[in-house]
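Trainee: I would like to learn how to read a protein model, step by step. Can we go through one together?

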Protein chains: 2
Amino acid sequence: MRTTPAFTRLALARVGVLATVRPDGRPHAVPVVYAMVDDTIVTAVDHKPKSTTRLQRLANVRSNPQVSLLAQHYREDWTALWWVRADGKGTVVEAGPTHAGAIEALVAKYEQYRRRPPSGPVIVIAVDQIAGWGDLRPDAE
Amino acid sequence: MRTTPAFTRLALARVGVLATVRPDGRPHAVPVVYAMVDDTIVTAVDHKPKSTTRLQRLANVRSNPQVSLLAQHYREDWTALWWVRADGKGTVVEAGPTHAGAIEALVAKYEQYRRRPPSGPVIVIAVDQIAGWGDLRPDAE
């Protein structure tokens, strides 16, 4: 999986949209920064004051672990669009070595996290499938 | 609703991510271009060859009308981030005046559609709630 253009494109993208399902069955979408740890995708709830939204994604994953993470790039030249979607199962991890490894990967990818690493729970997504469309060359952004 | 900064920001954004729920309960996310028609959001399946993905969103909405559309803008300056999310109920419309009105709004917003207007089904989203976060000034993109 790690050698496909879609995986590489996903690993390099700077932001994604995490889609989850609320306990009442409605979909929920929120932008997230994320990093890859082996074949998993990790994203954290950071140090900012928790809002309903941030708690919502955790409640959703705990209720229904199925998640979909989409990274995409819009251009006015529609021949140059691309998107990558990873579907998988999320787990909320609050502490321990998996949590520490996720924070380490996020801090390595995002300079913004270096000044203040996220301290909240992490969602670890075990990826079942990656789909991609469009121009997925890593230099195409 | 139409006078809020979140609504304006949503109307001006060029791309969104449409989150729906698959018949098996898993979330699904796909990038979409969209336009506002009064207080509804419309998006179309265009003339390109239909892929599984394009059909998937229609099957999802027919099975579960609850949708969530997220527009967001990523910047490396995390103090300048914003997102807007519209939650509502989607309906697949294949023809008739609502379909025509949706196509008209999409063509008006996207020059790319003028050359070849989308001819497939339209999803019309009746918005129940709009939530926004961050710098929602229309000139902040």
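Mentor: Start with a definition: helices are DSSP runs of H or I with at least four residues, strands are runs of E with at least two, and both are numbered from the N terminus. Keep in mind that this is a predicted model.

Trainee: In which helix of chain A is Gly101(A) found?
Mentor: Look at the residue ranges. Helix 3 of chain A covers residues 97–109. Gly101(A) is found in helix 3 of chain A.

Trainee: Is Gly101(A) buried, exposed or partly exposed?
Mentor: Count the C-beta neighbours. A buried residue needs 20 or more within 10 Å, and an exposed one has 12 or fewer. Gly101(A) has 18 inside 10 Å, so it counts as partly exposed.

Trainee: How far apart in space are Gly101(A) and Gly132(A)?
Mentor: In sequence, they are 31 residues apart. In space, C-alpha to C-alpha, the distance is 27 Å.

Trainee: What pattern does chain A follow along the sequence?
Mentor: First take the inventory. Chain A has four helices and seven strands. Read along the sequence, they give α-β-β-β-β-α-β-β-α-α-β.

Trainee: Why is chain A as compact as a globular protein of its length?
Mentor: Compare two values. For 141 residues the globule rule gives 14 Å. Chain A comes close to that, so it is as compact as a globular protein of that length: its radius of gyration is 15 Å.

Trainee: What share of the residues of chain A count as buried?
Mentor: First picture the outline: the C-alpha trace of chain A spans about 40 × 35 × 30 Å along its principal axes. Now take its 141 residues. The share that count as buried is 38%.

Trainee: What is the strand order in the sheet of chain A?
Mentor: The sheet is open, has seven strands and pairs in the antiparallel sense. Its edge strands are strand 2 (27–32) and strand 3 (35–37), each of which pairs on one side only. Neighbouring strands are turned by 35° against each other on average, direction ignored. The order is 2-1-5-6-7-4-3.

Trainee: Which residue is the bridge partner of Ala86(A) in strand 7 of chain A?
Mentor: Find the two strands. Strand 6 (residues 82–93) and strand 7 (residues 122–134) of chain A are antiparallel and share 12 bridges. The partner of Ala86(A) is Ile130(A).

Trainee: At about what angle does helix 1 of chain A run to strand 7 of chain A?
Mentor: Helix 1 is residues 5–12. It lies across strand 3, strand 5, strand 6 and strand 7 of chain A. To strand 7 of chain A, helix 1 runs at about 125°.

Trainee: Why is strand 1 of chain B largely enclosed by the rest of the structure?
Mentor: Check both faces. Gly16(B), Leu18(B) and Thr20(B) are buried on one side, and Val17(B), Ala19(B) and Val21(B) are buried on the other. Strand 1 of chain B is largely enclosed because the number of its six residues that are buried is six.

Trainee: Which residue in strand 5 of chain B is the bridge partner of Ala19(B)?
Mentor: Strand 1 of chain B pairs with strand 2 of chain B over six bridges, antiparallel. In strand 2, the partner of Ala19(B) is Ala29(B). Strand 1 also pairs with strand 5 of chain B, antiparallel, over three bridges. There, the partner of Ala19(B) is Ser68(B).

Trainee: Which residue takes a positive phi in the hairpin of strand 1 and strand 2 of chain B?
Mentor: Look between the strands. The hairpin has five residues there. The one with a positive phi, near 95°, is Gly25(B).

Trainee: Which strand supplies the largest share of the side of chain A that touches chain B?
Mentor: In the contact, 24 residues of chain A meet 24 residues of chain B. Strand 1, strand 2, strand 5 and strand 6 of chain A each supply at least two residues of that side of chain A. The largest share is five residues, and it comes from strand 5 of chain A.

Trainee: What kind of axis relates the two copies?
Mentor: Chain A can be laid on chain B by a turn of 180° and a shift of 0.0 Å along the axis, with an RMSD of 0.0 Å. The copies are thus related as by a two-fold rotation axis.

Definitions and conventions: Residues are numbered from 1 along each chain as its sequence is written. Chains are lettered from A and ligands numbered from 1 in the order in which they are written. This is a predicted model: local features need pLDDT of at least 70, side-chain atom pairs count only at pLDDT 80 or more; totals for chains, interfaces and linings use all residues. Two strands pair if DSSP finds at least two bridges between them. Axes are lines fitted to C-alpha atoms, for helices over the stretch in contact, and angles run from 0 to 180 degrees between N-to-C directions. Two residues are in contact if their C-beta atoms, placed from the backbone, lie within 7 Å. Copies are superposed by least squares on the C-alpha atoms of residues with pLDDT of at least 70 in both. The radius of gyration is taken over C-alpha atoms; the globule rule is 2.2 Å times the number of residues to the power 0.38.
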